[in-house]
Amino acid sequence: MSLDPVQVMSGQVKELKVGPSSNGDSRGSWEEKEEFDKDKLGLTTKPKPVTGRRSRKVEGGVFFPKPENAVTVAVSSRVLFRTEREQKVFEQEGVEEYLRYQIEHENEPFTPGPAFPFVKALEAVNCRLRELYPQSEELFDIVLVTYNHAHVGIRLINTINHHNLFIERFCMTGGSSPIGYLKAWHTNLYLSADADKVREALSEGIAAATMFMSEKVTEVSESQLRVAFDGDAVLFSDESERIFKAHGLDKFFEHERENEDTLLDHGPLKGFLEALGKLQKKFYAKGQRLDCPIRTYLVTARSAASSGIRALKTLRAWGLEIDEALFLAGAPKGPMLEKIRPHIYFDDQMFHIEGAAEMGTVAAHVPYGIAQKHNAKQNPTVRK
Amino acid sequence: MVSTIQNTDVKQGFGPENMRLKKGIIGKDSSLCLLAEDADPVSSLQKDADRAVVVAVTSRAVFDCGAEDGDDVYGVGVAFPLLQALQRVNERLLEENPAESLLFDVVLITTDSQQQQQSSRIISNTRHYGLEISRFCFSSEEDFIESLLTNHVDLFLSTDRSEAAQASHKGVFSALLNRKVASSEQLRVLFCGDAVIRPDTDSPSASQDAAQSFSAQLGEMRQRFGLLHSPLSIVLVTSRGGRESCGTALRTLRSRGVSVDEAYCLAGAPRSPFLSLLRPHFLLNNDLED
């Protein structure tokens with residue numbers, strides 16, 4: 001079998017000083033640890049008590065959060081693992097042969113897919129959260145939600161075991177739509193290789209993005225989760241993009257200036273940023289702001305001096321903190337992302353997704369808004 | 001409770017297509033079981049006793065007997081789509097192989113004296129709705145279990161939890177019918193994985209053997225169809241336990257000849273939102289005691 005996933009992610013990634021941060025806070029090295037008072041378990045956000053239902057424990061004393069209390073990330077098997085060979089069997093020889101092949105190779109684990117480093121980083125955050133808040137259900141909960149038939153189940157379980165992933169919940173729908181199950185899990189983010197399913201999830205109000213397998217993948221941190229977002233049509237609605245597409249750049253600037261004090265409407269990933277922010281605050285409450293294992297980035301084509309102001313004001317009004325806001329004023333995003341090294345970057349435009357992938361950043365497409373009518377042709381190495 | 005239904009009485013209640021009844025079996029306590037012979041070529045096939053999968057359903061679940069407008073026609077009950085789905089499986093099995101003997105054999109059983117006395121109306125209603133029923137058992141609450149045993153029922157389905165539990169205790173493999181509306185196009189059977197790997201030690205081993213035997217028959221039936229467009233779907237849900245529990249359940253079922261189509265590992269998440277989506281007709285190996 002090919003790559004040992006541990007090798008891919010070895011080596012510490014040192015904190016890089018990147019771009020002007022929006023609020024001017026100085027950032028010390030994230031390796032500094034601050035002492036915290038272990039005895040004072042002052043929980044700032046207590047899980048809401050639900051009458052009659054206690055937190056669920058399963059065998060081995062392992063702890064599982066109620067779906068509504070956790071930040072649930074649902075991933076499909078095709079983004080968590082690499083399944084190209086099997087896909088080919090399916091496409092060329094049909095479903096029966098595909099499943100027969102899967103069963104035959106049941107004891108061969110799949111190799112990591114594009115969402116794998118992201119999922120590992122979520123688990124690292126969970127470890128830190130459990131240390132600080134052992135009884136809390138406010139954790140990341142990773143659920144495998146796949147269209148796959150249960151015949152592939154044993155191979156998927158073997159693979160999860162092989163890679164030491166902490167995934168205890170899954171839905172293998174055997175061909176039925178996964179969307180209803182996403183709601184049953186109170187899904188905060190859905191990642192899939194299938195753009196149609198992602199679109200369906202978005203239309204149901206669930207944050208979702210399409211992921212692609214890329215040949216070049218740069219190393220990312222194993223201990224700090226880094227999530228980067230585009231602004232328009234991802235965190236914010238696509239209203240400004242519509243103006244730009246319809247009337248050009250000058251009109252866009254004029255519109256933004258005139259509406260500087262009007263909040264932008266929210267976009268499909270706003271809720272996920274909010275969920276990340278809630279978890280970050282739990283670290284801050286324990287004096288771990290500088291050592292926080294979650295870091296968020298805004299990477300936008302807006303410029304700091306003009307159109308960026310409206311974006312910042314909107315975030316502030318929403319009560320959302322973003323650790324670093326990078327206003328590129330139209331410059332290419334690839335090089336900046338390569339410096340940040342996020343585990344995942346969300347953008348609504350395939351042009352930027354491809355640009356990011358070319359430089360080794362794992363980018364996920366949010367098929368939302370006006371840009372979908374103007375998407376660039378897909379790069380052949382970036383498969384659906 | 002003595003049944004007073006005679007063959008002649010039954011015939012009088014009918015329209016032009018008289019259902020002929022033959023081979024009445026009088027049970028120990030005088031419950032009456034009647035084998036139906038229809039004009040319909042499909043169901044007139046005498047189902048091979050060894051190969052047929054005998055499923056008994058309570059009449060109260062099939063018909064809504066409360067709706068009495070003086071009209072002899074009952075409303076449909078929650079088990080109605082189930083019977084249609086069972087029929088569809090049989091039809092498809094015969095399409096694949098006209099000589100197929102592994103078919104569902106549906107028994108309609110009354111489990112209380114009030115229903116027992118409605119026998120002629122029950123029979124006429126099955127005719128009215130075109131339901132394929134092989135046998136009728138008009139029993140009361142005292143002797144229905146005896147009827148189930150006498151008729152070698154492989155699975156007893158009821159909406160009444162205590163009824164199902166009682167039958168289970170006496171060694172009849174029983175399951176609760178889903179009260180919510182289910183499909184009439186595809187039979188959806190849900191295995192509760194927690195019990196697959198940790199069998200309920202309260203139920204007698206006869207019931208457990210019956211459970212395994214039914215599962216094996218179901219598994220074999222499933223194999224008759226391809227992966228897509230199957231009229232029968234087998235679903236596994238594990239409520240407690242993590243992925244290892246589900247993996248063990250998958251392997252255990254596989255070793256019994258049951259290939260699962262859909263698998264859901266809930267690891268403590270509440271079951272009802274998932275059951276609403278899954279819409280099974282009934283749950284197997286589900287704890288009947290809670």
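**Where chain A meets chain B**

Mentor: Across the interface of chain A and chain B, 16 residue pairs are in polar contact, both residues being at pLDDT 80 or more; a polar contact is a pair of N or O atoms within 3.5 Å, where within protein one must be able to donate a hydrogen and the other to accept it, and residues adjacent in sequence count only if both atoms are side-chain atoms. Helices (H or I, at least four residues) and strands (E, at least two) are DSSP runs, numbered from the N terminus. H6(A) gives the most, with 6 residues.

Please keep in mind that this is a predicted model, in which local features need pLDDT of at least 70, side-chain atom pairs count only at pLDDT 80 or more, and totals for chains, interfaces and linings use all residues. Residues are numbered from 1 along each chain as its sequence is written, and side-chain values use heavy atoms, leaving out hydrogens and water.

Now to the strands: E7(A) and strand E12 (residues 262-265) of chain B run antiparallel, joined by 3 bridges; two strands pair if DSSP finds at least two bridges between them. Here A:Phe170 stands opposite B:Cys265 in E12(B).

Charged side chains meet too, with 2 salt bridges between the chains, each a side-chain nitrogen of Lys or Arg within 4 Å of a carboxyl oxygen of Asp or Glu. In one of them, A:Glu106 and B:Arg254 bring their closest N and O atoms to 2.6 Å apart.

Technical notes. Chains lettered and ligands numbered in written order.
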